[in-house]
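Hi there,

Here is the structure I promised to pass on.

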Amino acid sequence: MLFDVSNETMPREDLEALQLRRLKSLVEKVYYNVPFYQNRFNEMNLLPEQIRSLSDLKYLPFTEKQDLRNNYPFGLFAVPRDNVVRVHASSGTTGKATVVGYTQRDVNTWAELMARSLMCAGASRRDIVHNAYGYGLFTGGLGMHYGVERLGATILPISGGGTRRQVMLMRDFGSTILCSTPSYALFLYESIIAAGMSIDDLKLHTGIFGAEPWSEKMRADIESKLRIKALDIYGLSEIMGPGVGMECCDAQDGLHIWEDHFLIEIIDPETGEQLPLGVTGELVITTLTKEAQPLIRYRTRDITRIDAIPCRCGRTHRRIARIQGRSDDMLIIRGVNVFPQQIETILLETQGVAPHYQLILTREGSLDMLEVKVEVDEKMFSDEIKHLQRIEAKIQKNIKEFLGVTAKVTLSEPRSIERSEGKAKRIIDLRNA
């Protein structure tokens, strides 16, 4: 099912012509309306009229999260502040918050793209959407909310927290689509079982999960436990929020980026050089239609690749592969690059362990040490110590063989790792504690 047939199936030639027109307009707009960009362009001896083709994108400056913090709160707005009808912001836990503004047109565009994304996931007006993304300054809750209403389906604005109550309402209201982080979906499953309920008591058929990286193994675990189709959604507050990209229910293989609104490229995260289609690197996004706060070549730090193979769903917008992790979340253990999702995959292939884990980093002398703490499931917890030790040794061996890293593996009892109602906290770095 397609929400916007003409735009979602636009021939590539027409789509790229539209991208170029919008890119030229964007470059001119930011040059004359955003001092930050005008200064960057002048430093590079670059004028808007020098951007004549999509291949000229590589000559434009990057924008990074620190640039948003340096221009806190409204320094990157391209319109007068009284034209901004909504402001979202990050938590700012690692510095000043990153602030994002929206005009009314931006809000309308967001709702349209979220409705596209929902229908891409197989949603229809008949669905009841249980929205467990957080509301407030975080973009997840309201982004999903307005998209569901634009689609014409029923929205349950549950937000985060009150997990036992969420389970009851999910059953009583007959929710058919669950929207949350993937880790919270598994927490909801545990709460369903703890409440003495059966999955048969629910009417869920689809889950739309995002806001944190997750592996194919975790998808399989969620689908098996909740008996749903689990689909990946992509977005980030700096660009728009959820709905920048969506996995289609037809192929369930990569996320369609809505290329009439976002221009994407892959770069080498170390050198900043553009990489060819199909090569894995860092995703960079340019907003083509954002009014309040357009961004040029925003470095997402998300590691993925662009898939140019036409999708069987009929959409012509290219897909990105599942996010492997973030370049700034990559762990370097004794010279070896490791992403948490790689360890997650190994854990979920091990019988007897649950999909709840933490990676604890410490330092002994000049050496970095990695401890992988993972829960065992209820059945395995009652087994004898020797059997548990064999599981620890097996996981340690697999991590060493597949990733080239020596890790201490610690099995912990069920529900001993703190659950999160938002993004799961996977990494605990104690090296500078």
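A cavity here is a set of grid points where a 1.4 Å probe fits but cannot get out. Please bear in mind that this is a predicted model. With that in hand, a search of the whole structure turns up three cavities of 30 Å³ or more.

Let me start with the largest cavity, which has a volume of about 120 Å³. Two elements give two or more residues each to its lining: helix 8 (182-194) and strand 18 (353-364). Strand 18 gives the most, with three residues. The lining includes His356, Tyr357 and Gln358, along with Ser183 and Phe187. Also among the lining residues are Ile417, Glu418, Arg419 and Ser420, as well as Ala424, Lys425 and Arg426. Sorted by class, this lining has four nonpolar, four polar and four charged residues.

Next comes the second largest cavity, with a volume of about 70 Å³. Which element gives the most to its lining? That is helix 5 (residues 104-120), with three residues. By class, the residues around the second largest cavity divide into five nonpolar, four polar and two charged.

Best wishes

Key. Residues numbered from 1 in each chain as written. Predicted model: local features only at pLDDT ≥ 70, side-chain atom pairs only at ≥ 80, totals over all residues. Heavy atoms only, no water. 1 Å grid on protein atoms, 1.4 Å probe; cavity = no way out; pocket = protein on both sides within 12 Å on 5 of 7 lines; lining within 4 Å. Points joined across faces, edges and corners; volume = space filled by probe spheres on them. Helix = DSSP H or I, 4+ residues; strand = E, 2+ residues; numbered from the N terminus. Nonpolar A, V, L, I, M, F, W, Y, C, P; charged D, E, K, R; others polar.
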